[in-house]
Amino acid sequence: MDKVQILLALALALFAIGLLGVTVRRNLLVMLMCMELALNGANLALVTFAHQMGEAVGAVLVFLIFVVAAAEIAIAIPIVLLLVRRKHTLDPGAYSDLRG
């Protein structure tokens, strides 16, 4: 196996673990971490393809994705903390009354 295949296999594993964690876990903070793990797997695949093609556009796009992910976490963590203060639980099923 060459380096590209190893990196793509790692990216697939990161994405799969993240996706599995989001679908299986019942804790809002763990679900957020798993979403970030899946996003990092997609970023690794993007960087690998960009490096293989010799383009710098992929690295710029990954930097943009990292900025958006940081903003997402900066907004999501305070929302989760407010929800926990309201219901005293991290179970997403407890917040079904918030649906519009």
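This is a predicted model: local features need pLDDT of at least 70, side-chain atom pairs count only at pLDDT 80 or more; totals for chains, interfaces and linings use all residues.
Helix α1 comprises 22 residues, from residue 3 to residue 24. Three residues of α1, namely A11, G18 and G21, are buried. These residues lie on the same side of α1, because the arc they cover around the axis is only 100°. The buried residues of the helix pack against α2. On the face of α1 turned away from the buried side, the residues L12, L20, T23 and V24 are exposed.

Within helix α2, attention may be given to T48. The relative accessibility of T48 is 4%, and the residue therefore counts as buried, the limit being under 20%. When neighbours within four places in sequence are left aside, T48 is in contact with V4, L7 and L8.

In soluble globular proteins, nonpolar side chains tend to be buried together. In the present model, the largest nonpolar core consists of six residues: L28, L32, A76, V80, L83 and Y95. Helices α2 (28-53) and α3 (57-87) each contribute at least two residues to this core. The largest share, three residues, is supplied by α3. One member of the core, L28, touches V80, L90, P92 and Y95 when residues up to four places away in sequence are not counted.

Technical notes. Residues are numbered from 1 along each chain as its sequence is written. Side-chain values use heavy atoms; hydrogens and water are left out. A nonpolar core is a set of buried Ala, Val, Leu, Ile, Met, Phe, Trp, Tyr and Cys residues joined through side-chain atoms within 4.5 Å. Buried means under 20% relative accessible area, exposed over 50%, partly exposed in between (1.4 Å probe, protein chains only). Helices (H or I, at least four residues) and strands (E, at least two) are DSSP runs, numbered from the N terminus. Contact means heavy atoms within 4.5 Å. The expected span of a helix is 1.5 Å times one less than its number of residues. The arc is that of the directions from the helix axis to the C-beta atoms.
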